[in-house]
Protein chains: 2
Amino acid sequence: MEGLTINEAAETTGWSPRMLRYIESAGLIELPRTESGYRIFGPGELQRLRTLRELLARFDCALSDVAFAKRLASDPDLREALERWYEERPQLPEGVPSDDWLRWEQEKHQRLLQPDTPPRLTETTAA
Amino acid sequence: MEGLTINEAAETTGWSPRMLRYIESAGLIELPRTESGYRIFGPGELQRLRTLRELLARFDCALSDVAFAKRLASDPDLREALERWYEERPQLPEGVPSDDWLRWEQEKHQRLLQPDTPPRLTETTAA
DNA sequence: CAAACCTTGACACAAGCGTGGTAAGGTTGG
DNA sequence: CCAACCTTACCACGCTTGTGTCAAGGTTTG
């Protein structure tokens with residue numbers, strides 16, 4: 001045998017066998033299998049599993065959070081989109097004075113509902 | 001009024017008023033208040049809220065995921081711990097040959113249960 | 001002042017997560 | 001061959017998420 005079986009792994013990592021299967025199914029670890037389908041836990045995976053416990057406890061977060069973080073790490077599109085999102089400042093489209101933009105926002109759906117009123121971009125209250 | 005109220009914001013962002021409160025309570029946006037406690041939605045927040053919808057739809061992820069990502073972005077400890085975790089390779093402690101290490105793992109709990117057997121680091125099967 | 005807003009707090013409910021258990025069946029090793 | 005393991009597939013249960021709705025009460029404004 002090239003590594004530990006699931007019950008042995010459970011004992012040395014502190015996870016239940018049930019949870020080890022669950023964690024695998026959540027994509028957090030990848031386990032090689034024997035010919036007949038038994039999961040094989042090598043030293044690396046055992047370490048990962050212990051570290052994972054520490055992580056969850058220390059930062060009080062969920063498996064799904066770690067799963068999402070993993071996804072983040074491997075999906076640059078997602079990462080970039082998120083970064084742009086939470087760095088998004090109260091930034092107006094250039095060249096539109098704040099008051100106008102706001103009123104424009106405020107009336108948008110009304111404009112959409114009654115398209116008789118043509119969109120006036122420069123005039124608002126004053127002239 | 002310096003910005004939109006919650007129902008107006010709901011109309012221009014596509015979120016329900018209920019969800020706008022929920023999103024705020026989840027820490028995803030911060031909303032200034034009037035003296036009497038009314039939430040004020042400025043252009044920036046409206047933009048963020050729209051972007052948020054796109055994000056969730058485009059990447060099929062949950063509010064809690066975005067919340068976690070935000071936490072990630074502002075907590076270097078967490079970020080570092082996670083990075084170390086999913087980059088963790090099947091790496092053995094140096095100087096211990098793989099086979100021994102494995103068997104050592106395998107018997108650790110037995111050693112812990114019957115401490116009569118002194119920890120032998122070099123001998124494994126033979127006695 | 002009364003209508004139309006806003007606030008918080010609560011109840012409700014579907015869907016998903018984390019976890020345990022159990023059953024039916026294949027594998028392994030003494 | 002049989003006990004002790006492994007596998008997948010289910011059922012169950014409590015907790016969290018996301019969402020709506022409703023009630024009780026303060027604010028704003030025609």
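Helices (H or I, at least four residues) and strands (E, at least two) are DSSP runs, numbered from the N terminus. This is a predicted model, in which local features need pLDDT of at least 70, side-chain atom pairs count only at pLDDT 80 or more, and totals for chains, interfaces and linings use all residues. Residues are numbered from 1 along each chain as its sequence is written, while chains are lettered from A and ligands numbered from 1 in the order in which they are written.

Chain A has six helices and zero strands, and its pattern along the sequence is α-α-α-α-α-α. Of its 127 residues, 17% are buried; a residue counts as buried if 20 or more other C-beta atoms lie within 10 Å of its own, as exposed if 12 or fewer do, and as partly exposed in between, with C-beta atoms placed from the backbone. Two residues are in contact if their C-beta atoms, placed from the backbone, lie within 7 Å. Among contacts in chain A between residues at least 6 apart in sequence, 45% join residues at least 24 apart.

Helix α3 of chain A covers residues 43-59. The expected span of a helix is 1.5 Å times one less than its number of residues. For the 17 residues of this helix that gives 24 Å, which agrees with the 24 Å between its end C-alpha atoms. Its buried residues are Glu45(A), Leu46(A), Arg48(A), Leu49(A), Leu52(A) and Leu55(A). An α-helix has 3.6 residues a turn, so residues three or four places apart point the same way.

After α3(A) comes Asp60(A), with a positive phi near 45°, although Asp60(A) is not a glycine. Asp60(A) lies in the loop between α3 and α4 of chain A and is exposed, because 8 other C-beta atoms lie within 10 Å. In chain B, Asp60(B) also has a positive phi near 45°, and its place is in the loop between α3 and α4 of that chain. Asp60(B) is exposed, with 8 other C-beta atoms within 10 Å.

Another loop residue is Gly27(B), between α2 and α3 of chain B. Gly27(B) is exposed because 11 other C-beta atoms lie within 10 Å. Its C-alpha atom is separated by 13 Å from that of Glu45(B), 18 residues away along the chain.

A nonpolar core is a set of buried Ala, Val, Leu, Ile, Met, Phe, Trp, Tyr and Cys residues joined through C-beta atoms within 7 Å. The largest one has 28 residues, and Ala69(A) and Ala69(B) have the most contacts inside it. Helices α2, α3 and α4 of chain A, together with α2, α3 and α4 of chain B, each supply at least two residues of this core. Leaving aside neighbours within four places in sequence, Ala69(A) is in contact with Leu72(B) and Leu82(B).

The DNA surfaces remain. A residue is near a strand if its C-beta atom, placed from the backbone, lies within 6 Å of it. DNA strand D is surrounded by 20 residues, the closest being Thr5(A), Asn7(A), Arg39(A), Ser16(B) and Leu63(B). Here α1 of chain A and α2 and α4 of chain B each supply at least two residues. Around DNA strand C there are 19 residues, and Ser16(A), Leu63(A), Thr5(B), Asn7(B) and Arg39(B) come nearest.
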